[in-house]
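Biologist: I'm new to this one. Could you show me how to read it, feature by feature?

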Amino acid sequence: MDMALVESLIAIQMGRCFICDEALDPSIDEIHIDHVIPRAKGGKDDPNNYAVTHAHCNLHKLDADLRIARSLSRYERLKDRYASQGPNRPNLGDFLTDLGGSPRPIGAMRSQDELMVWFPPDDAKKIRLPIYHDKLSNMDSVFLTVPLEYLHHDQRINPRAVGPRIRGLLNEFLSGKPQLHVALAWGVIEDNKLQVQVFDGQHKLVSQLLLGVRQFPIRLFLNPDVNLLLEANTHAGTTLRQIAFDQSTQRFLGSQLYWEKIDAFREATGRSSNDLGFSEQDLVQYFRGERREVARYILDDVRIGIIHHPENTLKDYIEFSGREGDKPLSYNTIEKTAFSLFLRKTPLGLPLNYKLELDENPRQLEKEQIVRLFGILAQTVYIGHYDFDVGANKLEERVRKGHPVPEGHLRAVRISREEVLFNLMRYVRDLVRRHFLMQGHAGVEDDELFERKFPEELWALLERLIRNLSQLPVWVNPSLSGSVFGSTHDHDYWKIVFETGQDRLGTKVLARPLNLDELIR
Ligand SMILES: [Zn+2]
């Protein structure tokens, strides 16, 4: 290696690795020289297109293009730093803090149809902006360019984490494509100051931030009804499908809107701000025009309450932002299995605080008992078995090619398939249902089972059931990766296998059909 070249590149890079931005010391570190823009993308084989990196950074880079590899490395570092601090991190605010320090307000003064803004401490340079008035919504807004030091992230309207799909945007922006839609923000003028609260467009902002852009075009709503923006933004992602929200984000917003509705209901009916003496049905009744939406918000609040429950140990194994392959379960799978089987879909007629103090409130029980069930599943199948470094992506393909995969890991990934988990959860439901039947409670609807308190004996049986189901040899048999696990099946596929021991074509999958009594022995 040309040491003079290495030395000069290290000097240009201020002594830091191009990818990870940590110190680079040729006397200790193994060093690579690589093209910043890959040759395949038209990058020149010229020292101006060279960068020095740690050897391990270059070997494990996340993209052949070092500019993208460097941005993704930064993204991963922020993810590691913030992921433990909340459900939807890292968010735009985290990136702004990391790259621009703590945000400041801009200066703002409005007249009838003009807004004057400035960027303190530079108070001399005032910019005059025309105010656009929106006839139907009555909202006022301006368009302006804002340096990142003045951008705040509105976590309430936009609770989303920045996901790995910024990779696509990084490529897009690096190849010279412009940003098509401007980011959206709102702000309230107070004492000639305004905080620019960004609530839409964070992926576009973050990917450009990572590429070194320091200011962004923004549409700024002035003194808006923020709840109206929250609803508009939520509808855009749900009913109108303008924005591709992932499902867990929709749930999060729905849960927020549920509490907005509760506040509005309390105010309209002259209740105090902590009153819980009314029912879900009262709310649905009151907001008659939005009956379906409110019913969904109620359910979203339950879903979010379970997923982000502090004792939900399954959460670490659930991927929220689409499937990336690091984690075995997708949020979607949780919705289509446990949630679809166990959550009550219809609004309750009992007051929200019914038997709350006695720990016998139906919704509370539903949440806490599903969290406990998730804990058993996590303990039996995932914790200490699933290996994040091996991952779930194309695992069956790897097994087919003869790669060694630890049994516990293979089991966890196979059980995480929606069609498998759904049928395992059916046995859970059948066991709980049978328990209540034997107690003389006939006629309990399936989606109300978890609203009744399970005695400890039932929990012991559930643990045994899940352990026995997870010990079936089919989950660790590598020779089934081409056949049974070679493709995705419908729910009925595993129903038939469990009930008969064979699949539809008569192939033997289990030694014998499953039987609930044997499964709890
Ligand atoms: Zn490095």
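Modeller: Let's begin with metal donors: they are N, O and S atoms within 2.8 Å of the metal (3.2 Å for Na, K and Ca), and water is not among the atoms, so sites may look incomplete. Here, the donors of the zinc ion are spaced C-x2-C-x33-H-x2-C along the chain. This is a predicted model, where local features need pLDDT of at least 70 and side-chain atom pairs count only at pLDDT 80 or more, while totals for chains, interfaces and linings use all residues. Residues are numbered from 1 along each chain as its sequence is written, and side-chain values use heavy atoms, with hydrogens and water left out.

Biologist: Which atoms coordinate the zinc ion?

Modeller: C17 (SG), C20 (SG), H54 (ND1) and C57 (SG) do, at 2.1 to 2.3 Å. Helices (H or I, at least four residues) and strands (E, at least two) are DSSP runs, numbered from the N terminus. C20 sits in the loop between α1 (3-12) and β1 (31-35) and C57 in helix α2 (residues 55-59), so this pair ties together parts 37 residues apart in sequence.

Biologist: Is C20 buried or exposed?

Modeller: Buried means under 20% relative accessible area, exposed over 50%, partly exposed in between (1.4 Å probe, protein chains only). C20 has 12% relative accessibility, so C20 is buried; C57, at 11%, counts as buried too.

Biologist: And how do I read the sheet with β7 and β12 in it?

Modeller: Two strands pair if DSSP finds at least two bridges between them. Six strands make an open, mixed sheet ordered β6-β7-β12-β9-β11-β8. β6 (132-133) and β8 (151-153) are at the edges with a single partner strand each, so one side of each has no neighbour in the sheet. Strands β7 (residues 140-147) and β12 (residues 215-222) are antiparallel over eight bridges.
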